Amino acid sequence: MPDRIIFYPLDVTYKIRNNHAVIYLYGKTAEQRVCVTYAQFQPYFYVEPQTITPQLITELKINPEIVDVQAVTKKNLGRNITLLKVFTQLPQQVPFVKSKLQRHPQIKNCYEYDILFTRRFLMDMRITPLSPIQVTGNFVNDHSKVQVFQAEQFDSAEQTKTDYRILSIDIETYNPKGKGMDVEQPILMIALYGDDYKKVLTWKNIPDCEVFQNEQQMLQRFKEVIEQQKPEILTGYYSDGFDLPYIIARAKKYNLNLDVGLDYSILTDEKRDDIKITGIVHLDVFQFVKHVIGRSLKSGNYKLDSVASELLGERKHPIDIENLAAEWDSNSSRLSQFAAYNLQDTKITFQLCKKLLPNMEELSKIIGLPLFDICRMSFSRLVESYIMNQTAQYNELIPNKIDEQTMRTRRMKTYAGGFVYQPTPGLYENVAVFDFRSLYPTIIISHNISPSSYKCSCCYDVIAETKDWFCKKEKGFLPTVLEDIVTRRAKLKQLLKKDNNIMLEAQSNALKLLANSFYGYLGFAPARWYSFESAANVTALGRKYIQSVITEAEQSGFSVTYSDTDSIFLRLGNTSKEEAHTFVERINAKLQGIMELDYEGFYPAALFVSAKASTIGAKKKYAMLNEHGQLKIRGFETVRRNWSIIAKQIQLRVLEMLLKEKDKEKAVLYVKEMVRAVRAHKIPAEQMIIGTQLTRAIESYGSIGPHVAVAQRMVQKGMSVPPGTIINFIVAEGSGVVRERACSLEEMGKKLYDANYYIDHQIIPSVDRILAVVGVDIKNEVLPQKSLQNFFT
DNA sequence: AGAGCGCGGGG
DNA sequence: GTGTACGCGCTCT
């Protein structure tokens with residue numbers, strides 16, 4: 001007698017058992033974690049023959065890897081197409097059989113051969129991650145940490161919600177000042193934070209911590225806590241790139257088996273930049289922030305402190321982590337503050353995860369992909385996955401990915417982008433920023449923009465600028481999918497008016513995100529549904545619409561400072577902030593449908609710099625001062641690590657002097673003074689250090705940059721420089737290219753740093769475009785003699 | 001000018 | 001895992 005369970009799928013994988021692909025769905029019932037297996041799903045793909053003949057089908061069936069062939073009809077961009085559905089024994093045979101059949105003289109093309117097997121299963125079986133399903137089958141014995149339920153059948157179930165157990169992790173490592181990630185150094189603390197467990201593990205006597213003899217025992221305990229806490233979600237901040245790879249590397253050193261997977265699989269970071277744990281969803285909050293919500297944040301960076309501060313109103317503990325190594329060595333009593341700092345990081349990561357989870361959950365359900373994938377995908381991939389999920393409903397064929405050559409061709413072909421109101425470089429006061437993102441979805445829907453409706457033979461209604469037209473009679477697949485998103489969202493908004501439910505809100509956000517990403521997807525070169533003509537006409541129409549808003553803004557007494565694809569920066573002039581609000585309301589009242597101008601924020605000061613070698617303002621490169629006196633810096637590369645401390649410091653001070661203090665003379669004097677100090681070698685060499693990461697094995701470098709040259713000498717001295725090492729170097733005086741003069745701090749000895757290099761390549765580039773805005777040519781200010789010298793010789 | 005390479009997040 | 005991010009800017013060749 002079979003059992004029945006209500007199951008919430010969280011993640012999916014598959015294994016080969018007895019020459020058969022078996023799906024392993026990991027998730028939970030209302031009570032506990034469970035693994036559901038299913039063995040009746042067969043891999044397949046499609047081939048398009050010249051003509052379908054019984055002989056061809058018979059011939060294909062002789063193939064040892066092919067288990068069945070069926071004729072099917074699908075729609076391919078509006079046209080019907082007859083195909084053969086070719087089933088193989090194993091998923092990995094699909095690409096193999098596809099390559100073989102592609103060479104067959106009677107076969108024109110192959111389709112859907114690169115849809116991941118687990119993805120195919122979810123789509124075809126209509127199994128939606130996180131949505132409960134009724135599973136009929138039996139509990140069986142298997143080598144697993146959770147009960148395994150062998151499924152015979154899946155049925156729909158009542159859509160109820162369940163909670164997930166989250167465990168947040170964060171490590172602190174021994175990392176003496178100035179060094180990058182170095183897995184040769186030990187992990188000092190591991191914090192874990194969940195609903196029933198909030199603890200810091202360490203191996204020195206620190207109050208309120210779980211103290212171990214050594215790092216190895218601490219790591220062993222880390223594994224135990226995961227086993228005891230039984231999280232469904234393990235979260236961290238940049239845990240894909242730091243915490244987990246670090247833990248894996250240290251465990252490897254001690255030959256410690258990190259078999260945390262629910263099938264006893266070992267945690268590994270081999271050959272991938274994300275880390276998957278079988279049966280436990282590893283959510284790296286940073287990935288989701290960076291890919292999905294980053295653009296909507298006020299903060300210009302994605303550091304944990306900034307993001308938590310903005311989303312939670314909670315900060316990291318204000319402690320200088322650079323001092324940890326020294327305090328550790330001296331057994332300082334202040335170590336408990338570092339433990340508290342460590343725990344705080346897991347706490348805010350836990351809270352961020354909880355806060356963002358509804359959005360991720362709804363995206364996961366709407367797009368039909370597991371949370372693991374959702375939290376790591378960029379907009380275009382989210383859109384593509386959503387469209388792929390919709391193909392079944394419309395019987396559409398999924399277009400193939402394209403080859404490298406086509407990709408290059410697509411990338412070469414450009415079209416006029418979104419409207420860019422060229423900012424006049426300048427320092428402005430009272431700037432209001434508006435977001436105009438729902439413009440493009442409306443255009444795609446109302447103008448039926450899609451590849452299948454492009455230049456139809458039945459209607460002719462040209463778009464003035466492009467002389468193109470789109471069918472008015474037959475709706476294209478893509479506009480249909482997009483309109484469905486918009487309609488669903490409109491209904492949700494009605495519901496939200498009555499019931500301000502967090503999940504409905506998240507659903508609405510997910511749909512908004514998809515709708516707003518649709519246009520970008522059409523022009524995204526690797527897109528399966530890429531359509532140059534569609535993208536080009538969307539922007540052409542967009543420019544028309546936006547320009548009319550800009551005209552209106554100007555007529556209302558605002559000056560437009562800057563505008564690009566999705567935002568407009570207005571200078572208030574004599575008008576007030578309230579009038580800006582009124583203006584937005586007035587525009588919104590006129591806009592049709594869901595078209596909407598969002599008020600993004602108000603900035604008392606804003607600085608726009610010019611693009612390189614141009615008097616036109618650079619796109620997405622500006623610094624603004626918000627109402628709380630914080631600088632919002634966008635697009636300046638100097639904030640990065642591979643600039644010297646001195647250059648970063650000078651840039652920040654100059655921006656502060658211009659935006660906060662509004663004192664350009666002071667800024668110029670400051671730069672001149674710093675240049676003089678650099679020239680006189682009054683700045684300590686430490687401030688001149690440029691840190692660049694060695695990303696691979698030293699032998700594998702073709703071109704030898706300054707950091708590689710320094711690393712080569714380190715190797716000669718017998719030091720180990722594994723990939724990931726940050727090479728700190730200083731450019732010393734002398735002749736030859738930069739590489740020949742790059743030295744580590746130790747190698748500097750009595751040598752002097754090359755003042756000219758730092759002035760020309762670090763300091764001036766970090767401020768020249770900023771100061772150019774206020775009419776200062778810093779190069780001339782700093783090097784006034786040059787022109788005179790030329791004059792006299 | 002084109003190719004090669006590193007940046008972000010973490011400590 | 002039916003696999004291999006992204007877009008920009010610097011340095012070397």
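Q: What makes the pairing of a base nitrogen of DNA strand C with Ile 115 a polar contact?
A: In this predicted model, a polar backbone atom of Ile 115 sits 2.8 Å from that base nitrogen. A polar contact is a pair of N or O atoms within 3.5 Å (within protein, one must be able to donate a hydrogen and the other to accept it, and residues adjacent in sequence count only if both atoms are side-chain atoms), so 2.8 Å qualifies.

Q: What do Phe 117 and Lys 401 do with phosphate oxygens of DNA strand C?
A: A polar backbone atom of Phe 117 is 3.5 Å from one, while an N or O atom in the side chain of Lys 401 is 2.8 Å from one.

Q: How do you know what kind of surface lies near DNA strand C?
A: Sort its residues by class and you get 14 nonpolar, one polar and eleven charged. Here Ala, Val, Leu, Ile, Met, Phe, Trp, Tyr, Cys and Pro count as nonpolar, Asp, Glu, Lys and Arg as charged, and the others, Gly among them, as polar.

Q: Why is the Asp 114 and Arg 528 pair called a salt bridge?
A: Their side chains meet at 3.3 Å, N to O. A salt bridge needs a side-chain nitrogen of Lys or Arg within 4 Å of a carboxyl oxygen of Asp or Glu, so this pair passes. Between domain 1 and domain 3, the count is one salt bridge.

Q: How much area do domain 1 and domain 3 bury between them?
A: About 270 Å², with 60% of it on carbon and sulfur atoms. That is accessible area (1.4 Å probe) lost on putting the two parts together, summed over both. On the domain 1 side, Leu 77, Asp 114 and Ile 115 lose the most, together 91% of what that side buries.

Q: What sits behind the numbering and the values?
A: Residues are numbered from 1 along each chain as its sequence is written, with chains lettered from A and ligands numbered from 1 in the order written. Local features need pLDDT of at least 70 and side-chain atom pairs 80 or more, totals for chains, interfaces and linings use all residues, and side-chain values use heavy atoms, leaving out hydrogens and water.
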